[in-house]
Amino acid sequence: MRIDSYIEKLLFDYNCVVVPGFGAFLAHGKSAEIDSTTNTLVPPSKAISFNAQLSKNDGLLVSHISKEKNLGYEDILEEVETIAHEWNQRLAQGESIELFGIGRLWHNNEQRIQFQPEEKINFLTSSFGLSPFAATPIQREVIKEEVEEMEERIPFIITPEKREQTSFRPWLKYAAVILLAVSLGATSYQTYGDLQQKEVAAQQDAQQEVSRLIQEATFFESAPLELPAINISVTKKQLGKHHIIAGAFREEQNADKKVGQLKEKGYNAFYLGVNKYGLHQVAYDSFEDPKEALVFLRKVKAEDSRDAWMLSEK
């Protein structure tokens, strides 16, 4: 039976694991450190050592193996003591013992046990997942020194006349760039102003053309037909100055349809006419008294449409 795997597992949770009749493996906390020779940052860990004087059984290792293998305590103790006796004989014969994950044991010239811990395993559970980090130094000073040496090897000879010329040329460049920017800005501003004026003129022409077409549409292009006179008695509604508008439509047939719908609901709806935007307006009713118009408007907003509004004529 190999017991080194059980010892390794216990070292993660305990600082002392005793092998009865052989010695104890001790774990000491070790803080993080920097190896200046390799520029490596080592995380906190546990340093493992061995003490042959602590060989009296404390029950930790034997109880753990007994629980893992589900065997009796006395049987496991006898087997562990047998393994410890074999280890002592091998060391006395000059052999070394390799314990996986723990380290290597051997005898020195004075027949004392020496121990070399395994450096690849970190037994500190709080440092789980942390590994040594090698940092590469920044070579800023070295590069600066190389540049200074290169400047010393390559001389630069500048006469006073050339220095004056070279210092004057950048000002000419800056002046040319500034002049170009100002010219472009002025041209862009003038072009933008012309475009705005043209756009305003085009809008005015379009509005005049729409007004002319509306006026022409209300007259006959030729003389109307003469029809016999018919006497019809018409009761004309007296319109007030304050109209409750139901909507404005681009198509007159839609306005007529809206009038019919409102009349079906019991309103005194009527076609008001075309506004300055060319839209056909429909009104719920018309009032001379503005207070009555406002009361009716609130009623319409509550019962029929919240989009209704009041149009007052001067």
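Q: Where in the chain is the place of Gln111?
A: Gln111 sits in the loop between strand S7 (103-107) and strand S8 (113-117). Helices (H or I, at least four residues) and strands (E, at least two) are DSSP runs, numbered from the N terminus.

Q: What phi does Gln111 have?
A: The phi of Gln111 is positive, about 60 degrees, although the residue is not a glycine.

Q: What kind of model is this, and how are residues numbered?
A: This is a predicted model, in which local features need pLDDT of at least 70 and side-chain atom pairs count only at pLDDT 80 or more, while totals for chains, interfaces and linings use all residues. Residues are numbered from 1 along each chain as its sequence is written, and side-chain values use heavy atoms, with hydrogens and water left out.

Q: How many helices and strands are there in the protein chain?
A: The protein chain has 7 helices and 13 strands. Of its 314 residues, 24% are buried (buried: under 20% relative accessible area; exposed: over 50%; partly exposed: in between; 1.4 Å probe, protein chains only).

Q: What share of the contacts joins residues at least 24 apart?
A: Among contacts between residues at least 6 apart in sequence, that share is 57% (contact: heavy atoms within 4.5 Å).

Q: Which residues of H2 are buried?
A: In helix H2 (60-69), the buried residues are Leu60, Leu61, Val62, His64, Ile65 and Ser66. Their cover includes helix H1 (4-11), strand S1 (16-19) and H3.

Q: Is Asn70 buried or exposed?
A: Asn70 counts as exposed because its relative accessibility is 69%.

Q: Moving to the other end of H3, where does Ser96 lie?
A: Ser96 is in the loop between H3 and S6. With 32% relative accessibility, Ser96 counts as partly exposed.

Q: Which residues is Ser96 in contact with, leaving aside its neighbours within four places in sequence?
A: Ser96 is in contact with Arg90, Arg104, Leu105 and Trp106. The C-alpha atoms of Ser96 and His107 are separated by 7.6 Å, and the two residues are 11 apart along the chain.

Q: Which residues line the second largest pocket?
A: The lining consists of Met1, Arg2, Ile3, Asp4, Ile83, Glu86, Trp87, Arg90, Ile97, Glu98 and Leu99. On a 1 Å grid over the protein atoms alone, a pocket is an open set of points where a 1.4 Å probe fits, with protein on both sides within 12 Å along at least five of seven lines; lining residues have an atom within 4 Å of a point.

Q: Which element supplies the largest share of that lining?
A: H3 does, with 4 residues. Helix H3 (73-92) and strand S6 (97-99) each supply at least two residues of the lining.

Q: Turning to H7, which of its residues are buried?
A: Ala293, Phe296, Leu297 and Val300 are the buried residues of H7. They lie on the same side of H7 because they cover an arc of only 110 degrees around the axis (the arc is that of the directions from the helix axis to the C-beta atoms).

Q: Which exposed residues does the face turned away from the buried side of H7 carry?
A: That face carries Lys291, Val295, Arg298 and Ala302.

Q: What covers the buried residues of H7?
A: The cover includes strand S10 (242-249), strand S12 (280-287) and strand S13 (309-312).
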